[in-house]
Amino acid sequence: MPAGDLQARIKEAADAGGAAYFGVADLSPAVAFIREENGHIAASFPMAVAVGIAVPKTLVLALAEPDADPGILAAYDRYIYHVCSPLLEKIALKIAGVIERAGYRALPVPASQRVPGKNLCGFFSHKLAANLAGLGWIGKSSLLLTPQDGPRVRWCTVLTDAPLNAGSSLQKDCGKCNRCAEACPAGAIKGRAFDPREPRSMRIEVEKCEEYRNKLAAIHGVRTCGLCLAVCPFAK
Ligand code: SF4
Ligand code: SF4
């Protein structure tokens with residue numbers, strides 16, 4: 001099957017599943033990083049399909065309201081982890097099926113999953129795939145910022161060796177903005193611009209974020225903070 005036909009069928013599956021964002025990444029510029037971070041199986045895939053779903057602006061911006069109602073925190077948690085993530089994983093599964101039926105390998109990466117021993121990281125960085133697909137750039141918050149919805153997008157990835165047509169990495173930065181670092185109640189965000197040569201720990205101390213969200217869970221029953229999303233000018 002010609003690459004264009006397969007890509008069109010993959011996009012159809014993504015659209016039918018409800019994806020608002022779709023892109024294809026050429027992973028070759030990042031293969032050494034992927035091998036080191038994710039192992040040889042992940043590094044054996046030259047391409048990735050990135051899909052995303054935008055989280056409603058009203059829900060995200062409500063997180064930054066003074067004394068945000070616990071009901072808002074619970075609603076955000078519900079839609080992110082119990083609605084968006086399963087929906088994205090279903091889309092990824094459908095895409096993997098389309099690719100494998102065409103005779104290629106396809107490895108769907110779970111939308112929200114932490115791998116034990118990986119310092120609060122998943123099996124593969126969805127943000128890396130979406131960035132290389134040209135869907136957004138990585139901000140000082142370490143979130144992927146899209147031109148349309150800023151950081152209000154949840155992502156999922158399918159790694160593949162199918163010969164697809166990739167987008168180009170989006171190069172943009174936060175400029176002088178530092179709102180996420182100023183707003184972070186845990187002091188986790190360092191206000192440092194993304195540099196692909198540096199580890200994530202240069203920009204964000206995820207342990208501090210985790211500790212703060214665990215404290216919130218003890219108070220509200222959900223681990224929702226999200227202030228770094230809600231204050232980002234691109235989220236509006
Ligand atoms: S979720 Fe909250 S604590 Fe964690 S980095 Fe964002 S603003 Fe900081
Ligand atoms: S709040 Fe500002 S500094 Fe932080 S990610 Fe958004 S644009 Fe970048």
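**Close-up views of a predicted model**

**View 1. Surroundings of Arg152.** Leaving aside residues up to four places away in sequence, Arg152 touches Ile53, Ala54, Val55, Pro56, Lys57, Val60, Leu229 and Ala235 (contact means heavy atoms within 4.5 Å). The model is predicted: local features need pLDDT of at least 70 and side-chain atom pairs count only at pLDDT 80 or more, whereas totals for chains, interfaces and linings use all residues. Residues are numbered from 1 along each chain as its sequence is written, chains are lettered from A and ligands numbered from 1 in the order in which they are written, and side-chain values use heavy atoms, with hydrogens and water left out. Arg152 is found in the loop between strand 5 (144-145) and strand 6 (153-160); helices (H or I, at least four residues) and strands (E, at least two) are DSSP runs numbered from the N terminus. With a relative accessible area of 5%, Arg152 is buried (buried means under 20%, exposed over 50% and partly exposed in between, with a 1.4 Å probe and protein chains only). A polar atom of the Arg152 side chain lies 2.8 Å from the backbone oxygen of Ala235.

**View 2. Strand 2 and its two partners, strand 1 and strand 6.** Strand 2 (47-54) has seven of its eight residues buried, so this strand is largely enclosed by the rest of the structure. Strand 1 runs antiparallel to strand 2, and six bridges join them (two strands pair if DSSP finds at least two bridges between them). In this pairing, Ala25 stands opposite Ala48 of strand 2. Strand 6 is also antiparallel to strand 2, with eight bridges between them. Here Val51 stands opposite Cys156 of strand 6.

**View 3. The largest nonpolar core, with 25 residues.** Ile10, Val49, Val51, Ile95, Ile99, Val158 and Leu164 touch the most other members of this core (a nonpolar core is a set of buried Ala, Val, Leu, Ile, Met, Phe, Trp, Tyr and Cys residues joined through side-chain atoms within 4.5 Å). At least two core residues come from each of helix 1 (3-17), strand 1 (21-26), strand 2, helix 4 (70-101) and strand 6. Helix 4 gives the most, with eight residues. Beyond residues up to four places away in sequence, Ile99 touches Leu6, Ile10, Val49, Tyr104, Arg105, Ala106, Val158, Thr160 and Ala162. A second, separate core has 23 residues, among them Ala25, Ala30, Ala42 and Phe124.

**View 4. The shell around ligand 1.** Cys184, Pro185, Ala186, Ile189, Ile204, Cys209, Tyr212, Cys225, Gly226, Leu227 and Cys228 surround ligand 1, each with a heavy atom within 4 Å of the molecule. Helix 7 (206-220) and helix 8 (227-230) each supply at least two residues of this shell. The shell comprises ten nonpolar residues, one polar residue and no charged residue (Ala, Val, Leu, Ile, Met, Phe, Trp, Tyr, Cys and Pro count as nonpolar, Asp, Glu, Lys and Arg as charged, and the others, Gly among them, as polar).

View 5. Glu198 is placed in the loop between helix 6 (179-183) and helix 7, and is buried at a relative accessible area of 18%. The side chains of Glu198 and Arg192 make a polar contact at 2.7 Å (a pair of N or O atoms within 3.5 Å; within protein, one must be able to donate a hydrogen and the other to accept it, and residues adjacent in sequence count only if both atoms are side-chain atoms). Not counting residues up to four places away in sequence, Glu198 touches Arg192, Ala193 and Arg203. Glu211 belongs to helix 7 and is partly exposed, its relative accessible area being 49%. Between Glu211 and Ala188, 23 residues apart in sequence, the C-alpha to C-alpha distance is 10.0 Å.
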